[in-house]
Amino acid sequence: AFVGYVLPSKIYACVATGRPLLFIGSARSDVHRIAASGLPSDRYYRVEVGDAEGVARSLETIAGVAEARPKTGIERAA
């Protein structure tokens, strides 16, 4: 297990955007702690490694949230 050994610094920028975030990893990870404390529960999703169904559900939810948000004209194309 790498929990506690690796912390990608980009997590701070991801949280700062306020956009929906999906983390695939342990609830014991600092990445999870930072994201869960920095984003509301309707914008942060976490699934365990190997949970393909959980990833699919989370992505479908995130896509639905994005569809429901009003367009501001400043979003970049994906």
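Me: Which elements of the protein chain have the lowest and the highest mean pLDDT?

Reply: Happy to start there. This is a predicted model, and among its elements helix 3 (residues 52–68) has the lowest mean pLDDT, at 89, while strand 2 (residues 44–47) has the highest, at 98. For the protein chain, the mean pLDDT is 86, and 81% of the residues reach 70 or more. A friendly caution goes with that: where pLDDT is low, the predicted coordinates should not be read in detail.

Me: What makes up the largest nonpolar core?

Reply: Nine residues do: Ile11, Val15, Leu21, Phe23, Val31, Ile34, Ala35, Leu39 and Tyr44. To belong to such a core, residues must be buried and joined through side-chain atoms within 4.5 Å. Helix 1 (10–17), strand 1 (21–24) and helix 2 (30–38) each supply at least two of its residues. Helix 2 gives the most, with three.

Me: Why are the buried residues of helix 2 said to line one face?

Reply: The buried residues there are Val31, His32, Ile34 and Ala35. Looking down the axis of helix 2, they fall within an arc of 165°, so they line one face of the helix. What covers them includes helix 1, strand 1 and strand 2. Val31, for one, touches Leu7, Pro8, Ile11 and Phe23, leaving out residues up to four places away in sequence.

Me: What makes Ser29 a cap for helix 2?

Reply: A side-chain oxygen of Ser29 lies 3.0 Å from the backbone nitrogen of Val31, at the N-terminal end of helix 2.

Me: Why is His32 called buried?

Reply: His32, in helix 2, has a relative accessible area of 19%. Buried means under 20%, so His32 counts as buried. Leaving aside residues up to four places away in sequence, His32 touches Phe23, Ser26, Ala27, Tyr44 and Arg46.

Me: And why does Tyr12 count as partly exposed?

Reply: Tyr12 belongs to helix 1 and has 48% relative accessibility. Exposed means over 50% and buried under 20%, so Tyr12 falls in between and is partly exposed. Beyond its neighbours within four places in sequence, Tyr12 is in contact with Leu7 and Ile34. Tyr12 and Ala35 are 23 residues apart in sequence, and their C-alpha atoms are 8.1 Å apart in space.

Me: How do you know that Asp30 and Arg33 form a salt bridge?

Reply: Their side chains meet at 3.6 Å, N to O. The cut-off is 4 Å, and 3.6 Å is within it, so the pair counts as a salt bridge. Asp30 and Arg33 are three residues apart in helix 2, which means about one helical turn separates them. In general, an α-helix has 3.6 residues a turn, so residues three or four places apart point the same way. Asp30 is partly exposed, with a relative accessible area of 32%.

Note on methods
Residues are numbered from 1 along each chain as its sequence is written. This is a predicted model: local features need pLDDT of at least 70, side-chain atom pairs count only at pLDDT 80 or more; totals for chains, interfaces and linings use all residues. Side-chain values use heavy atoms; hydrogens and water are left out. pLDDT is the predictor's confidence in each residue, from 0 to 100. Helices (H or I, at least four residues) and strands (E, at least two) are DSSP runs, numbered from the N terminus. Buried means under 20% relative accessible area, exposed over 50%, partly exposed in between (1.4 Å probe, protein chains only). Contact means heavy atoms within 4.5 Å. The arc is that of the directions from the helix axis to the C-beta atoms. A polar contact is a pair of N or O atoms within 3.5 Å; within protein, one must be able to donate a hydrogen and the other to accept it, and residues adjacent in sequence count only if both atoms are side-chain atoms.
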